Amino acid sequence: MSAISFQQVEKTYGSGVHALRGVSFDVQPGEFFGLLGPNGAGKTSLISVLAGLARATRGKVTVMGHDVVDDYAQARRALGIVPQELVFDPFFSVRETLRIQSGYFGVRDNDAWIDELLASLGLADKANANMRQLSGGMKRRVLVAQALVHRPPVIVLDEPTAGVDVELRQTLWQFIARLNREGHTVLLTTHYLEEAEALCQRIAMLKQGRVVALERTSELLAGTATTMLRFKTDHALPASLVARARVTGRFAQVSARDAGDVEAVLAQLREAGVPVEDLEIGRSDLEDVFLDIMTTEGAQRQGARQ
Amino acid sequence: MSAMRVLSGARPLLRKEILRFWKVSFQTVAAPVLTAVMYLLVFGHALGGRVSVYDGVSYVQFLIPGLVMMSVLQNAFANSSSSLIQSKITGNLVFLLVTPLSPAAWFIAYTGAAIVRGVVVGAGVMVVTAWFAPPGLANPLWIVSFGVLGAAMMGTLGLIAGLWAEKFDQLAAFQNFIIMPMTFLSGVFYSVHSLPPVWHVVSHLNPFFYMIDGFRHGFFGVSDVSPWTSLAVVGASFVLVSGIALALLRSGYKLRH
């Protein structure tokens with residue numbers, strides 16, 4: 001039995017937006033699974049359908065074998081959702097918030113687990129603080145704790161590290177990785193591809209409501225194993241390189257097929273009189289793969305693999 | 001699903017909804033009590049000598065049950081509607097939407113907390129105003145029945161309004177253009193017998209009239225219509241709005257897209 005199963009899920013909103021166009025994939029129990037895609041690709045729609053916040057126009061979704069519509073109570077008991085928006089109830093303290101949330105799931109006398117959550121997420125000294133008094137990062141931690149009060153076997157994190165400082169990211173990932181080792185299934189959406197690369201065993205990429213890649217992270221990286229030339233420069237790149245380069249500020253990356261190609265690129269830079277600093281040669285990372293799939297061959301790629 | 005399971009599911013949400021208004025009780029309980037006392041002082045003084053409604057009942061005595069019931073109704077409505085709209089606008093309703101709570105549990109919790117708020121405010125108004133002119137207690141059972149049923153009806157209407165409204169001003173419009181006129185034209189401040197015949201008939205089409213008339217019967221033992229008639233009208237109205245509220249919750253109206 002899959003932890004999560006999406007079968008031919010379609011979603012068209014009342015406004016006519018066709019957010020999901022037949023999404024199918026399964027997440028296995030114990031997996032750390034990444035769901036990637038640009039803004040508007042349908043990630044949040046897919047998670048909303050999973051959580052019961054939205055209803056699929058067509059198709060079927062199950063959590064631990066429970067249909068999210070017909071057997072919603074069991075499905076939701078199995079699911080812990082960390083929402084993307086930083087929302088909170090200003091009437092309550094952190095501990096009250098967590099007790100109330102436990103109650104909704106029928107969990108009573110949950111203080112031992114609540115204390116453990118607070119300690120693991122670095123919230124112990126904020127237990128009695130009102131939600132309004134917390135910083136954004138602290139509120140984010142409470143959101144994570146809230147999703148876990150009923151010890152769900154499946155955890156869904158929707159952009160949990162958006163706008164979050166380094167310390168919280170470390171705390172959060174240590175904690176989530178521990179839960180994953182203990183057997184929890186994790187579904188993660190993120191814009192930070194290095195996080196997905198480091199954490200996720202398998203990755204699905206969405207583009208315009210369709211799955212355009214679904215592979216083990218290692219295979220995804222191996223599949224487009226090109227060499228990347230990375231350097232910094234304050235000068236404009238020569239025209240011959242602009243098309244194949246990715247530039248972020250003064251940081252440039254140019255893909256190269258092999259050692260000879262690397263030499264050719266360097267020669268062009270020299271000819272154009274572009275001085276480079278901090279030159280390094282490495283393998284392409286998930287960001288390169290992601291851009292490759294999203295910009296060029298997304299549709300063909302999926303077609304070829306099915 | 002058995003009734004017991006629905007009830008035990010509703011309990012944590014009911015507790016939270018009660019805690020929510022109780023934490024700001026200065027604003028949700030004390031303020032409406034003060035408002036009602038103002039009405040009593042102003043209208044009591046302005047009209048006290050001139051209006052007599054029932055034999056042996058002064059105008060101020062007549063006014064008190066009306067004010068109590070008006071406070072019950074308005075606060076019951078305000079509780080469920082403002083809680084829902086706040087949760088929708090701030091987005092924290094998501095914490096409830098991801099839980100296994102059934103539509104019936106939502107209904108019981110929101111309506112139940114509205115009844116509690118309505119009854120607490122009503123009791124407060126009664127205690128404070130009775131000090132000015134004790135209105136008498138002919139039949140407390142009617143008082144309790146109409147108080148609770150009226151609060152339930154308005155809590156349910158508030159639930160519907162809270163589900164429907166997407167902004168605070170839509171809710172305010174609902175409150176100002178529907179709830180307020182219906183309350184004021186229901187006989188809070190006067191007996192509908194003193195109205196011209198046309199308005200007399202119109203008043204009888206207003207379910208709020210029956211809530212207040214039946215409630216008042218509990219104090220004086222006399223009323224414009226039989227309390228049984230009022231009970232039937234209010235009961236039927238409650239069943240109707242409950243049916244609508246449950247249907248909206250089941251369909252996920254404006255909650256699950």
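This note goes through the predicted model point by point, from the domains of chain A to chain B.

1. Basis. The model is predicted: local features need pLDDT of at least 70, side-chain atom pairs count only at pLDDT 80 or more, and totals for chains, interfaces and linings use all residues. Residues are numbered from 1 along each chain as its sequence is written, while chains are lettered from A and ligands numbered from 1 in the order in which they are written.

2. Domains of chain A. Chain A is assigned domain 1 (4-221) and domain 2 (223-305); such bounds come from an automatic or database domain assignment. The centres of the two domains, taken over C-alpha atoms, are separated by 34 Å.

3. Contact between the domains. In chain A, 13 residues of domain 1 are in contact with 12 residues of domain 2, contact being defined as C-beta atoms, placed from the backbone, within 7 Å. On the domain 1 side, helix 7 (193-199), strand 9, strand 10 and helix 8 (217-223) of chain A each supply at least two residues. Helices (H or I, at least four residues) and strands (E, at least two) are DSSP runs, numbered from the N terminus. By class, this side of domain 1 of chain A has 10 nonpolar, no polar and three charged residues. Ala, Val, Leu, Ile, Met, Phe, Trp, Tyr, Cys and Pro count as nonpolar, Asp, Glu, Lys and Arg as charged, and the others, Gly among them, as polar.

4. The six-stranded sheet. Six strands of chain A form an open sheet in the order 6-7-8-3-9-10, with mixed pairing; two strands pair if DSSP finds at least two bridges between them. Strand 6 (79-82) and strand 10 (210-216) of chain A each have a single partner strand and stand at the edges, so one side of each is left without a neighbour in the sheet. From one strand to the next the twist averages 15 degrees. Such angles run from 0 to 180 degrees between N-to-C directions, with axes as lines fitted to C-alpha atoms, for helices over the stretch in contact.

5. Inside that sheet. Strand 7 (residues 154-158) and strand 8 (residues 185-189) of chain A pair in the parallel sense over five bridges. Asp158(A) has Thr189(A), in strand 8 of chain A, as its bridge partner. Helix 1 (residues 43-51) of chain A lies across strand 3 (32-36), strand 6, strand 7, strand 8 and strand 9 (202-207) of chain A, and runs at about 145 degrees to strand 7 of chain A.

6. The four-stranded sheet. Another open sheet of chain A has four strands in the order 12-13-11-14, and its pairing is antiparallel. Here strand 12 (245-248) and strand 14 (277-283) of chain A are at the edges with a single partner strand each, so one side of each is left without a neighbour in the sheet. Neighbouring strands of this sheet are turned by 20 degrees against each other on average, direction ignored.

7. Strand 13 and its partners. Strand 11 (residues 227-232) and strand 13 (residues 251-256) of chain A pair in the antiparallel sense over six bridges, and Lys232(A) stands opposite Phe251(A). Helix 10 (residues 259-271) of chain A packs on the sheet, touching strand 11, strand 13 and strand 14 of chain A, and its direction makes about 140 degrees with that of strand 13. Strand 12 and strand 13 of chain A pair in the antiparallel sense over four bridges, with Val247(A) opposite Ala252(A). These two strands of chain A form a hairpin with two residues between them, and Gly249(A) in the turn has a positive phi of about 65 degrees.

8. Interface of chains A and B. In this interface, 24 residues of chain A are in contact with 20 residues of chain B. On the chain A side, helix 2 (72-77) and helix 3 (94-104) are the elements that give two or more residues. That side of chain A has 14 nonpolar, five polar and five charged residues.

9. Asp109(A). Asp109(A) is in the loop between helix 3 and helix 4 (111-120) of chain A. Asp109(A) counts as exposed because it has 9 C-beta neighbours inside 10 Å.

10. Chain B. Chain B has 10 helices and zero strands. Buried residues make up 47% of its 257 residues. Along its principal axes the C-alpha trace of chain B spans about 60 × 35 × 35 Å. In chain B, residues 24 or more positions apart account for 83% of the contacts with a separation of 6 or more.

Methods:
Contact = placed C-beta atoms within 7 Å. Buried ≥ 20, exposed ≤ 12 C-beta atoms within 10 Å, placed from the backbone.
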